[in-house]
Amino acid sequence: IFHSHEVERVINYAYSKGKIIVAAAGSSLPLIRDLIGIGFPANLPTTISATGLRDTAKTGGEFRLGVVSHGGIKNDFVVDATPASSEGTSSLTGMIALLWSVNPALTRDEIMDILIRSSNFYRERGAKHPLFGWGKVDMLIATELAIETL
């Protein structure tokens with residue numbers, strides 16, 4: 001919730017070295033979530049923001065934020081069946097690791113491009129959703145895109 005210039009400097013340094021930083025969009029109660037939207041440091045342009053969704057198999061395919069997940073225009077991706085942004089962050093980080101294991105030569109920008117191009121809202125409308133960002137990453141498509149760049 002609170003901005004730290006020291007943390008931002010560290011993130012900017014890592015970013016300048018080509019690193020990927022994935023941050024939780026925020027994991028707090030709905031009242032706080034509705035007041036602040038995407039929290040620090042996930043709201044920085046140098047981080048990838050991730051959040052959780054309730055299980056879409058149980059919601060009839062409807063996207064609903066996890067119980068302690070944040071959404072908003074600065075959100076990048078959602079992870080299905082994860083009640084909190086923190087869990088979405090670790091899952092998205094695992095997806096990135098998988099892409100790098102398939103093609104270790106990928107740059108940070110190529111990874112981000114692959115994540116975006118394989119996400120549901122990009123494929124459906126070519127734009128971010130105002131609450132759920134680029135949406136859910138389809139890892140089959142993402143892996144195929146990573147292999148194509150070999």
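Analyst: A residue is buried when its relative accessible area is under 20%, exposed when this is over 50%, and partly exposed in between (1.4 Å probe, protein chains only). The structure is a predicted model, in which local features need pLDDT of at least 70, side-chain atom pairs count only at pLDDT 80 or more, and totals for chains, interfaces and linings use all residues. Residues are numbered from 1 along each chain as its sequence is written, and side-chain values use heavy atoms, without hydrogens or water.

User: Why does Ile 20 count as buried?

Analyst: The relative accessibility of Ile 20 is 18%, which falls under the limit, so Ile 20 is buried. Ile 20 sits in the loop between α1 (5–16) and β1 (22–24); helices (H or I, at least four residues) and strands (E, at least two) are DSSP runs numbered from the N terminus.

User: Which residues does Ile 20 touch?

Analyst: Leaving aside residues up to four places away in sequence, Ile 20 is in contact (heavy atoms within 4.5 Å) with Ile 48, Ile 96, Trp 100, Arg 108 and Ile 111. Val 67, by comparison, is 47 residues from Ile 20 in sequence and 26 Å from it in space, C-alpha to C-alpha.

User: Why are α3 and α4 called roughly perpendicular?

Analyst: The axes of α3 (residues 85–102) and α4 (residues 108–117), which are lines fitted to C-alpha atoms over the stretch in contact, cross at roughly 115 degrees and come within 11 Å. Angles from 65 to 115 degrees count as roughly perpendicular, under 35 as roughly parallel, over 145 as roughly antiparallel, and the rest as oblique; α3 and α4 are therefore roughly perpendicular.

User: What makes α3 roughly parallel to α6?

Analyst: The axes of α3 and α6 cross at roughly 30 degrees and come within 9 Å. That angle lies under the parallel limit, so α3 is roughly parallel to α6.

User: Which residues of α3 meet α4, and how do they divide by class?

Analyst: Leu 92, Ile 96, Leu 99 and Trp 100 of α3 meet Ile 111, Ile 114 and Leu 115 of α4. The contact holds 7 nonpolar, no polar and no charged residues, where Ala, Val, Leu, Ile, Met, Phe, Trp, Tyr, Cys and Pro are nonpolar, Asp, Glu, Lys and Arg charged, and the others, including Gly, polar.

User: Which residues touch the most other members of the largest nonpolar core?

Analyst: In this core of 22 residues they are Ile 48, Phe 77, Leu 92, Ile 96, Leu 99, Leu 115 and Val 137. Such a core is a set of buried Ala, Val, Leu, Ile, Met, Phe, Trp, Tyr and Cys residues joined through side-chain atoms within 4.5 Å. Two or more residues come from each of β2 (48–52), β3 (77–79), α3, α4 and α6 (139–148), and α4 gives the most, with 5. Among the buried residues of α4 are Ile 111, Met 112 and Leu 115.

User: Where is the cis peptide bond?

Analyst: The cis bond joins Phe 40 and Pro 41, with omega about 0 degrees. Pro 41 lies in the loop between α2 (30–36) and β2.

Conventions: Axes fitted to C-alpha atoms, helices over the stretch in contact; angles between N-to-C directions.
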